[in-house]
Amino acid sequence: QLQLVESGGGLVQPGGSLRLSCAASGFTLDVYAIGWFRQAPGKDREGVACMDSSSSTFNYAGSVKGRFTISRDNAKNTVYLQMNNLKPEDTAVYYCAAGGRYNGYACLSWGYGMDNWGKGTLVTVSS
């Protein structure tokens, strides 16, 4: 059974940092493209960061570029989202996803290629 489980969410003050983790089971992530997405209350889901299977191409939403970093550790079968200088507008449920196809623009825009999704972890940025 393919499964992705996110962790690392929580409450953080504006300007703070969090690192989200996404552990895979039932398959190995190193041959998959990866994406992080988020959905704020009352808003549509949006792409945050996507990475191809070889970890050579990265795509970020404009709102997080320079603050968020997507990465993977194949030995741990885990992907990460390092989030720095967090802002209240970053408050959302964050989801990781994996899939066998990659197009950076399409991944961010509508989750193209992402076939497997986690259940999400809540990030709240507030003072």
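## Salt bridges in the predicted model

Aspartate 90 and arginine 38 are joined through their side chains by a salt bridge, with an N to O distance of 2.9 Å. The term denotes a side-chain nitrogen of Lys or Arg within 4 Å of a carboxyl oxygen of Asp or Glu. Aspartate 90 is in the loop between strand 8 (78–83) and strand 9 (92–99), while arginine 38 belongs to strand 4 (residues 33–39), so this pair ties together parts that are 52 residues apart in sequence. Helices (H or I, at least four residues) and strands (E, at least two) are DSSP runs, numbered from the N terminus.

This is a predicted model, in which local features need pLDDT of at least 70 and side-chain atom pairs count only at pLDDT 80 or more, whereas totals for chains, interfaces and linings use all residues. Residues are numbered from 1 along each chain as its sequence is written, and side-chain values use heavy atoms, without hydrogens and water.

By the salt-bridge rule, the count is four. The table lists pairs among them.

| Pair | Closest N and O atoms |
|---|---|
| Aspartate 90 and arginine 67 | 2.8 Å |
| Aspartate 115 and arginine 101 | 3.4 Å |

Aspartate 115 lies in the loop between helix 1 (104–110) and strand 10 (116–117) and arginine 101 in the loop between strand 9 and helix 1, so the two connect parts 14 residues apart in sequence. Aspartate 115 is partly exposed at 47% relative accessibility, as is arginine 101 at 42%; buried means under 20% relative accessible area, exposed over 50%, and partly exposed in between (1.4 Å probe, protein chains only). Aspartate 90 and arginine 38, by contrast, are both buried, and arginine 67 is buried too.

Salt bridges link Arg38, Glu46, Arg67 and Asp90 in a network.
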